Amino acid sequence: MGTFELLQMGFGYVFEPSMFIMVVIAIVLGTVFGALPGVSATMAVALGLTFTYTMEPVPAIVFLTAIYCSSITGGSITAILFKIPGVPSSAPTTFDGYPMAQRGEAGKALGVALLASAIGGLVSALAMFLLSGPLTAAALQFGPADLFAITFMGLSILTCLDGDHILTTIISGLIGLLLACVGQDKMYAVQRLTYGSQQLLAGIEMIPVLIGLFAVTEVFKQTNSKKKRMTAEDGITGGKVDTKMPSLKELWQIKWTMVRCSVIGTLVGILPGAGATIASFLCYTMENKISKYPEKWGTGIIDGIAASEASNNAATGGAMVPLLALGIPGGNAAAVMMSALTLKGVQMGPLLLTNQPEYLSATFASMIVTNILMVIVAIGIAKVFAQILAIPYYYLGPIIVMLALIGSYANQMSIADVQIMVLAGVLGIVVKACHFNSAAIVLGLVLGSMCESNFSRAYLMSRANIGQMFSPVVNPIAFVVIIFCIIMLVTPIVMPLIKKAKKAK
Amino acid sequence: MFELIINILLVVFLGVSYFTNVLEAPVPAKVAKNPYAFQPDVWPKVIIILLEICLIINIIQIIKKNKGKESFTLKAFVATIPDFFKSKMFLGIVILTAASFVLETLGFIVTAILVLFFYGWLLGAKNLPTLAIASVLIALVLYIIFSGMLSVNLPRGVGFLRDFALLLESGVAAVKGIFG
């Protein structure tokens, strides 16, 4: 079947009136779920499953894809307005989005976030459609050493998360990595660092920790604050968010940021296990490093938002590549979609696209339509969410706490997770008081087990020869990436020392 | 001083963990004997060693930075402790901790009403009757949205609280049924 016929078939599915209505509903649901703290993109797709039980497989994947893409975008709304990332991949959006909201530029921040998301999503959809086969083949060539190097690259962001407190940020990252070791180790199921707790055997759940550190800590801090409205320094007055889009000149300035992050986000999304969160942290760091004004990052500039949002949305398309072409989910949300299709009797695997190309074309069409429509839908939803800012904090604070509680509990219906969330909230206060860094802890926790298990596999495969693991001859990809990581890690530490030495001369 | 104490506590805690808790179960013999296997204790031990080094450097930096400051004494720190226990933040932590322990018994609805009311009061709500009504309404709306409409299983509580939660859920299910 030719490309034109494929496209015609895909858009035919999506523009069929009842399907189009379902896509719009999915976008609204996905954006709202994504914006709700504690409802991750995976949870949003899982919640969306209930709507697909009566659908045929192709409409089901169209619907779930729309929820998936829009939930990632929805996460940026609360990240910008409340400094609470709706989804983990929006965490870097808070670095610049919230300061912009504090300055009264919430509208512009949201505009950049939505446009960057749309561009990231469209680029990755196109990449998925055109490069599905070749890219998947390339990703399959990645061995554990390469995957370790890629994951380690995500960690190399640590030294630039907080330039003023590099040491405490590294400590925070290491604490995150250590927290990821708690429970049974992924390779040999040996119990570690549980201190006799049965609840910790399965490891520390990421969602309650994330909710605690990001949402609950914020409420605790506000509890002591004299100001009882979360008005972001009154920048967002009366809960109204102007939907003034960034000017064309401003967009032109960040064009390459959006393009680079869209491409890298897509590539990261293709790698199994490395999803939107890694993509957004990685691209934020990378853009910070190559920026002409790195000192402005984190103070509220549109480049930071564009980097984070273009890349995390691009990862959604990337994650669909191995799912559709090989039946390997690129991430958790893709795994939920895969289970939905398997439930309907669809045979996942390399033959799927050969025998039923409509899955690729329908997914592509759904992503294109979703990424365009969600800009309009998300602006409307952002306005509703912005109204929430006008609510007195004595109503809003407890509501956020209850949403956090629901998010933690619903993850695996465990009271222990709620207690972990509260503990993480308290930990967040300690972290702040000690100049540690919550984002670094989360980064370590997210990447920790992936880093360890890939290293462990690579170590075994190279017969305990670390030199061979990163040899430019045996594993050229891993070699290049590790060198790149070392440069990224060391530069922020060494550069000030060199500058100091030069000044002393 | 608080920063210093936390850093010292971390150094001690991690030091003890290094020797006692990194491995809490025997490594399978097959793995232990395999010279090419990456032993499960190596990764956490390397992280702990790196952490210890960084923490010690951090402690030195904290001491250097604050040396001679009046507030940087144990006495000054101890004097601030009662203030923390009197603070609203501490009460907030108590409310949430209590909620996490009674959630299963009281169920989501009652816990939410209590949290919404007491936390709202803590945050400075003046009109308590309005706050009480709002707490009940918000708790019910949250329950209906998440449990009734989004099928998120929230704790129902025990006894009559469970019956009430089930009644609410069946009501939502009936409404959902009407709209197909």
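Tutor: Helices (H or I, at least four residues) and strands (E, at least two) are DSSP runs, numbered from the N terminus. This is a predicted model, in which local features need pLDDT of at least 70 and side-chain atom pairs count only at pLDDT 80 or more, while totals for chains, interfaces and linings use all residues. Residues are numbered from 1 along each chain as its sequence is written, and chains are lettered from A and ligands numbered from 1 in the order in which they are written.

Student: Which residue follows helix 5 of chain B, and what is its phi?

Tutor: Helix 5 of chain B covers residues 88–122. The residue that follows this helix is B:Gly124, and its phi is positive, near 105°.

Student: Why does A:Val377 count as buried?

Tutor: A:Val377 sits in helix 17 (residues 358–387) of chain A. A residue is buried if 20 or more other C-beta atoms, placed from the backbone, lie within 10 Å of its own, partly exposed in between, and exposed if 12 or fewer do. A:Val377 counts as buried because the number of its C-beta neighbours inside 10 Å is 20.

Student: How many Å separate the C-alpha atoms of A:Val377 and A:Val32?

Tutor: Leaving aside residues up to four places away in sequence, A:Val377 touches A:Ile27, A:Val28 and A:Thr31, where a contact needs C-beta atoms, placed from the backbone, within 7 Å. A:Val32 is 345 residues from A:Val377 along the chain, yet their C-alpha atoms are separated by 10.0 Å.

Student: Which helix of chain A gives the most to the side that touches chain B?

Tutor: Across the two chains, 53 residues of chain A are in contact with 56 residues of chain B. On the side of chain A that touches chain B, the most residues, 11, come from helix 18 of chain A.

Student: Which element of chain A has the highest mean pLDDT?

Tutor: The pLDDT, the predictor's confidence in each residue from 0 to 100, averages 78 in chain A, with 84% of the residues scoring at least 70. Among the elements of chain A, the lowest mean (63) belongs to helix 8 (residues 158–161) of chain A, and the highest (90) to strand 2 of chain A.

Key. The expected span of a helix is 1.5 Å times one less than its number of residues.
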